[in-house]
Amino acid sequence: MSRPPVNPSQSTPEPDGKDGPGASTPGTAGAPGRTPRPLGVAVISLVVVLEALALLGAAAWYAFELLTGAPVLTFWGAIFTLGLLLAFSAWLFAVGHFLFRGYRWTRAAALVAQLFVLTIGFPTMTGGLVLPGLAMIIPALAAIVFLFQKDVIAYASRTGGTSAAL
């Protein structure tokens with residue numbers, strides 16, 4: 001009986017219960033059938049997680065301002081904005097984590113996040129806040145460049161579960 005083809009970036013156990021040649025985790029150097037995690041993946045993941053931390057910090061500062069009585073137009077609008085900051089932060093943490101592990105869907109999510117950062121970074125820089133603008137633009141551009149490298153694309157090709165669908 002023939003076995004279905006195996007994607008080298010996924011791990012599949014052998015039928016006898018032992019781990020097969022592709023059973024190691026992504027990024028283990030020297031594992032048979034496995035390439036090491038590219039530097040670009042680590043850089044992109046770090047940039048995305050740092051952006052998530054920045055959003056989390058902005059949410060904390062926003063919540064502090066709300067609790068200390070900062071004037072707002074509508075209270076529920078401010079609560080909604082706080083919820084969005086927290087949700088986007090959680091989303092970026094997930095993208096950074098799963099990109100580091102090599103999942104395919106994270107490349108698109110990371111690219112969209114970097115395009116949003118550029119959308120905020122350029123007006124910030126041209127509006128007179130040069131250092132904060134550059135602090136947004138340079139990591140976003142680096143992440144975009146790394147997202148399109150061949151080794152990053154090859155590494156981030158994992159689709160999810162290891163069992164075949166019906």
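Ala113 is buried, with a relative accessible area of 11%, where buried means under 20% relative accessible area, exposed over 50% and partly exposed in between, with a 1.4 Å probe and protein chains only. This is a predicted model, in which local features need pLDDT of at least 70 and side-chain atom pairs count only at pLDDT 80 or more, while totals for chains, interfaces and linings use all residues. Residues are numbered from 1 along each chain as its sequence is written, and side-chain values use heavy atoms, with hydrogens and water left out.

Ala113 is placed in helix H3; helices (H or I, at least four residues) and strands (E, at least two) are DSSP runs, numbered from the N terminus. Ala113 and Ile144 are 31 residues apart in sequence, and their C-alpha atoms are 9.9 Å apart in space. Gln114 also lies in helix H3. Is Gln114 buried or exposed? Gln114 counts as buried because its relative accessibility is 0%. Leaving aside residues up to four places away in sequence, Gln114 touches Val47, Val48, Glu51, Pro139, Ala140, Ala143 and Ile144, a contact being heavy atoms within 4.5 Å.

Let me turn to the chain as a whole. The protein chain has 5 helices and 0 strands, and its elements run α-α-α-α-α from the N terminus on. Of its 166 residues, 31% count as buried. Among contacts with a separation of 6 or more, 60% are accounted for by residues 24 or more positions apart.

Next, helix H4. The 18 residues of H4 should span 26 Å at 1.5 Å a residue, and its end C-alpha atoms are 25 Å apart, which agrees; the expected span is 1.5 Å times one less than the number of residues. Which residues of H4 are buried? They are Gly133, Ile137, Ala140, Ala143, Ile144 and Leu147. Seen down the axis of H4, these buried residues fall within an arc of 135°, so they line one face of the helix; the arc is that of the directions from the helix axis to the C-beta atoms. An α-helix has 3.6 residues a turn, so residues three or four places apart point the same way. On the other side of H4, Leu131, Ala135, Ile138 and Val145 are exposed. The cover over the buried residues of H4 includes H1, H3 and H5.

Helix H2 covers residues 75–101, and its 27 residues should span 39 Å at 1.5 Å a residue; the end C-alpha atoms are 40 Å apart, in agreement. Its buried residues are Ala78, Leu82, Leu85, Ser89, Leu92, Val95, Gly96 and Leu99. Their cover includes helix H1 (39–67), helix H3 (105–126) and helix H5 (150–155). Just after H2, Gly102 takes a positive phi of about 100°.

Finally, the largest pocket. Its volume is about 690 Å³. On a 1 Å grid over the protein atoms alone, a pocket is an open set of points where a 1.4 Å probe fits, with protein on both sides within 12 Å along at least five of seven lines, and lining residues have an atom within 4 Å of a point. The lining comprises 20 residues, of which Glu51, Leu55, Leu92, Val117 and Ile120 lie nearest the centre of the pocket. H1, H2, H3 and helix H4 (130–147) each supply at least two lining residues, and the largest share, 7 residues, comes from H3.

Conventions:
Points joined across faces, edges and corners; volume = space filled by probe spheres on them.
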